[in-house]
Amino acid sequence: MPGARQQREMLCFMPGVAVVPALLVGWSSAAFIISYVIAVLAGHVEPLVPYISDTGTKPPESGIFGFMINISALLGAITMYIRYLIVEKQNESLHFVRSSCNKFSLCIGLMGCTGMGIVATFQELSVPSVHDIGALVAFGCGVVYITLQSIISYKSCPQWNNYFVCHIRMLISVISCISFVPMIVFASRISMTKIDWTPSEKDYTYHFMSAICEWTVAFGFVFFFLTFIRDFQRVSLSISTEIHEDS
């Protein structure tokens with residue numbers, strides 16, 4: 001009949017989603033390492049454990065750092081959303097975790113990615129207060145996210161995960177949480193904002209210890225997302241869309 005509408009469903013399959021966490025791990029590692037190498041070679045920071053943000057404060061490394069960290073934040077958000085969808089689908093059959101807990105974990109993770117974007121956009125020496133807030137949100141929400149995901153992983157055993165992977169995730173989470181606390185404590189004791197530290201300066205010990213903890217937490221995130229790759233290899237996402245056509 002003229003004017004009648006016909007409804008049709010189309011499925012869009014997306015195999016190979018494991019490339020997303022793999023790209024996140026590779027890209028984030030490159031962002032940290034490239035910025036560090038350029039900053040050290042340019043003489044902007046000392047080679048011995050600078051803050052991660054210190055390696056992306058001055059040009060030319062600041063542009064590279066900002067661009068790459070923003071991409072990392074986007075890849076992180078996509079990875080977290082796919083992980084959320086996977087857990088939701090797995091939960092349909094076993095009901096091993098509350099859906100609200102899965103959603104809360106996603107929201108915390110996305111807040112951490114937003115913090116990363118703030119860190120990348122607002123330079124440490126230009127807008128230090130905003131930069132520091134972004135770093136606190138990124139690292140704080142990050143450790144909460146990986147801890148929640150470790151707990152969810154245990155709850156999904158043995159149907160959807162093996163205990164070895166769960167132990168690895170929890171170990172990374174514990175190390176990151178333990179490192180996060182002294183990172184904040186030592187950073188709060190530093191009385192000046194600068195990037196070119198030398199061992200003889202006041203507060204250098206606080207800076208050095210805080211920076212070690214910061215690198216530990218950052219690469220804790222990297223290694224944690226590395227454990228997602230195998231989980232993502234087992235799934236293909238499909239998106240169901242409704243198309244309305246005039247007949």
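This is a predicted model: local features need pLDDT of at least 70, side-chain atom pairs count only at pLDDT 80 or more; totals for chains, interfaces and linings use all residues.
Two packed helices are described by the angle between their axes and the distance between the axes. Here, the axes of helix H1 (residues 19-41) and helix H6 (residues 204-226) come within 8 Å, crossing at roughly 155 degrees. Angles over 145 degrees count as roughly antiparallel, so that is the label for H1 and H6. Their crossing is left-handed. On the H1 side, the contact is made by Pro 21, Leu 24, Val 25, Ser 28, Ser 29, Phe 32 and Tyr 36. H6 brings in Trp 215, Ala 218, Phe 219, Val 222, Phe 225 and Leu 226. Sorted by class, that makes 11 nonpolar residues, 2 polar ones and no charged ones.

Now for the rings. The count of aromatic pairs comes to 15. One of them joins Tyr 36 and Trp 215: the ring centres sit 6.3 Å apart with the planes at 85 degrees, so this pair is edge-to-face. Tyr 36 belongs to H1 and Trp 215 to H6, which puts the partners 179 residues apart in the chain. Trp 215 is buried, at 16% relative accessible area, whereas Tyr 36 is partly exposed at 25%. Both also belong to one aromatic cluster, along with Phe 32, Phe 219 and Phe 223.

Phe 186 and Tyr 206 also pair up, with centres 6.3 Å apart, but their planes are at 25 degrees, so this pair is stacked. Phe 186 is partly exposed at 24% relative accessibility, and Tyr 206 is partly exposed at 26%.

Terms used. Residues are numbered from 1 along each chain as its sequence is written. Side-chain values use heavy atoms; hydrogens and water are left out. Axes are lines fitted to C-alpha atoms, for helices over the stretch in contact, and angles run from 0 to 180 degrees between N-to-C directions. Helices (H or I, at least four residues) and strands (E, at least two) are DSSP runs, numbered from the N terminus. Angles under 35 degrees count as roughly parallel, over 145 as roughly antiparallel, 65 to 115 as roughly perpendicular and the rest as oblique. A crossing is left-handed if the near helix is turned anticlockwise from the far one by less than a right angle, and right-handed if clockwise. Contact means heavy atoms within 4.5 Å. Ala, Val, Leu, Ile, Met, Phe, Trp, Tyr, Cys and Pro count as nonpolar, Asp, Glu, Lys and Arg as charged, and the others, Gly among them, as polar. Rings of Phe, Tyr and Trp (its six-membered ring) pair if their centres lie within 6.5 Å; planes under 30 degrees apart count as stacked, over 60 as edge-to-face and the rest as tilted. Buried means under 20% relative accessible area, exposed over 50%, partly exposed in between (1.4 Å probe, protein chains only).
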